[in-house]
Amino acid sequence: MTDKIVIENLSLTYSDGVESLRNISMGVRENAVTVLFGPAGGGKSTLLRCLNRLNDLTEVRTSAGRILIDGENILDPKTDVIALRRKVGMVFARPVVLPMSIRQNLTYGLELAGEKRKSRLDEAVERSLKLAAIWDEIKDRLDDPAIALSGGQQQRVCLARVLALQPEIILLDEPTSGLDPISTGKVESALQELKKEYTVILVPHSVQQAARTADYAAFFLQGELVEYDEGKSIFTTPREKRTEDYVTGRFG
Amino acid sequence: MMRRLRLNRHVTERLGFSFLTLMAVVTVVPIVAVVIYILVQGMPAISWEFLSGFPRDGMRAGGILPAIVGTFYLTIGTAVFSVPLGIAAAIYLSEYAADNALTRLIRIAIINLAGIPSVVYGLFGLGLFVLFLKFGTSILAASLTLSIMTLPVIISTAEEALRAVPQPFRTVSVSLGGTRWQGIQRIVLPQALPGILTGVILGLERAAGETAPILFTGAAFFLPRLPNSPFDATMALPYHLFVISTQVPEMPPQVQYGTALVLLVFVLGMNLIATTIRSRARARRQW
């Protein structure tokens, strides 16, 4: 197995002076779920937002280091960020369906990219909804407003919306934080299917979720990568005292 | 002791709310009174001839068609200049502008623009459009003057409408490989459109009813024909009302009230359209 993403000495400080990432280096495996966990303010979301350059929208004071995806440094100013964001999809903490029908939500990204052929769009809708494990639930009402769906369904539509673009990497930032346990379970099992084809990076909303889903796990504390290992070892036999304290619930 | 205190509190609350209710009702009275008064006084003047004819007999009889058409032209002319400019400025301020010295300056300018008395705009329009740019006393000069006056209303309501569209829509659009403009064009603008339209109509409505800005820039005392180019001067309802109320001796009052009624219906009609758009959009809104 190869590293799809290689992060080298990445540091980042926001313009309000908050240091968010301190010299992070790690590789992310292809076709696996890599979990970034730790207490709030650790830099997990910041790291996710570096991977698709969404941080471009935020005011960043300094950043240093490199992020290589398939060997190319995406932090290079010459990077085509539009193409990058199609390749690196993102699901947010709160499901944000766009104010349009379910179908239009799913085809939005493709239409932005210039896809007009109805057959291609329809095919993408069906394929991505099946992958996100929601096709059977909503296939008869694709033209209803997406806002009419339940929170759990909305979040899976958001996941499907990302999948419709056929990305290679999927970033999920606490995608189940607002969902009930049943919906959470559906999203988690969808991830286990997705990793067969995609590189999945998840910021979980709890240590339990981290332990359930992680093939690899990285523990972040105040902008620092404390420990990075296979999921089965980090949650059972962590090497670092700080990881152990967090995993066993002594702080956080 | 405790009991009395509680009773007092309840009494105070009742008195307080009664007073507030009374005050709220009082604010409605003048509006309703004005409308009813103008309606009762003006209705007898309204006839097909009044709406479609030219003034006769030193404007004491006949119709007010040139004034109606003139106000219509001025409103359209104002829209042509102020709507694109105002919306573009609002998009810039809401979507692109960073919070820096320049944008703060622009905002201060807009606020101050809104505070300038309308007669000052009139004088400014006379200096710039009529004399310096040599547009003459014309629909064009008057529309431009009214546009400047209307801009702050359009910019600030449009900016507010744009800002009301939830931020995450923009982030999601960008994260799906869109440019910022694509997100604005496909999501933010359509969602903000009802709010923007409401602001546009309210701004134009004010322009339609103004006298001072057109006084020196485009309004004609009396014209025997309809204007047929933007460089013609024109009659207009508010100015016509001013003229027949102050400049014409032995004016039959019902003509004055009839003119006032037509202006009122024109303005309230626009208001009604704005309110309808707003409430329909609220009912349909998906966020």
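Both faces of strand S7 of chain A are covered: A:Ile169, A:Leu171 and A:Asp173 are buried on one side, and A:Ile170 and A:Leu172 are buried on the other. Here a residue is called buried if 20 or more other C-beta atoms lie within 10 Å of its own, exposed if 12 or fewer do, and partly exposed in between, with C-beta atoms placed from the backbone. Helices (H or I, at least four residues) and strands (E, at least two) are DSSP runs, numbered from the N terminus.

Before going on, a word about the model. This is a predicted model, in which local features need pLDDT of at least 70 and side-chain atom pairs count only at pLDDT 80 or more, while totals for chains, interfaces and linings use all residues. Residues are numbered from 1 along each chain as its sequence is written, and chains are lettered from A and ligands numbered from 1 in the order in which they are written.

**Around strand S7**

Five of the five residues of S7(A), residues 169–173, are buried, so this strand is largely enclosed by the rest of the structure. In a regular strand the side chains alternate between the two faces of the sheet. What does S7(A) pair with? Strand S6 (residues 88–91) of chain A pairs with S7(A) in the parallel sense over four bridges, and A:Met90 has A:Leu171 as its bridge partner. Strand S8 (residues 199–203) of chain A also pairs with S7(A) in the parallel sense, over five bridges, and there A:Ile169 has A:Thr199 as its bridge partner. Two strands count as paired if DSSP finds at least two bridges between them.

S7(A), helix H7 (residues 181–194) of chain A and S8(A) make a right-handed β-α-β unit. Right-handed means that, with the strands pointing away from the viewer, the path from the first strand over the helix to the second runs clockwise.

**An antiparallel sheet**

Chain A also holds an open sheet of four strands in the order S2-S1-S4-S5, with antiparallel pairing. Its edge strands are S2 (19–29) and S5 (72–73), and each pairs on one side only. Strand S4 (residues 60–69) of chain A joins S5(A) in the antiparallel sense over two bridges, with A:Leu68 standing opposite A:Asn73.

Strand S2 of chain A contains A:Asn23. The phi of A:Asn23 is near 50°, a positive value in a residue other than glycine. Most residues other than glycine have a negative phi, and most peptide bonds are trans. A:Asn23 is partly exposed, with 13 other C-beta atoms within 10 Å.

Chain A has ten helices and ten strands. Its radius of gyration is close to the value from the globule rule, so chain A is as compact as a globular protein of that length. Chain B has eleven helices and two strands. Its radius of gyration is well over the globule-rule value, so chain B is more spread out than a compact globule. The radius of gyration is taken over C-alpha atoms, and the globule rule is 2.2 Å times the number of residues to the power 0.38.

| Chain A, 252 residues | 18 Å | 18 Å | roughly 50 × 40 × 40 Å |

Buried residues make up 47% of chain A and 40% of chain B.

**Where the chains touch**

The contact between the chains takes 19 residues from chain A and 15 residues from chain B. Two residues are in contact if their C-beta atoms, placed from the backbone, lie within 7 Å. Helix H2 (81–87) and helix H3 (102–112) of chain A each supply at least two residues of the side that touches chain B. By class, that side of chain A has 14 nonpolar, two polar and three charged residues. Ala, Val, Leu, Ile, Met, Phe, Trp, Tyr, Cys and Pro count as nonpolar, Asp, Glu, Lys and Arg as charged, and the others, Gly among them, as polar.

H3(A) is mostly covered, with nine of its eleven residues buried, including A:Ile102, A:Tyr108 and A:Leu112. The buried residues of H3(A) pack against helices H4 (118–131), H5 (135–138) and H6 (151–163) of chain A, together with helix H8 (180–209) of chain B. Just after H3(A), A:Gly114 takes a positive phi of about 100°.
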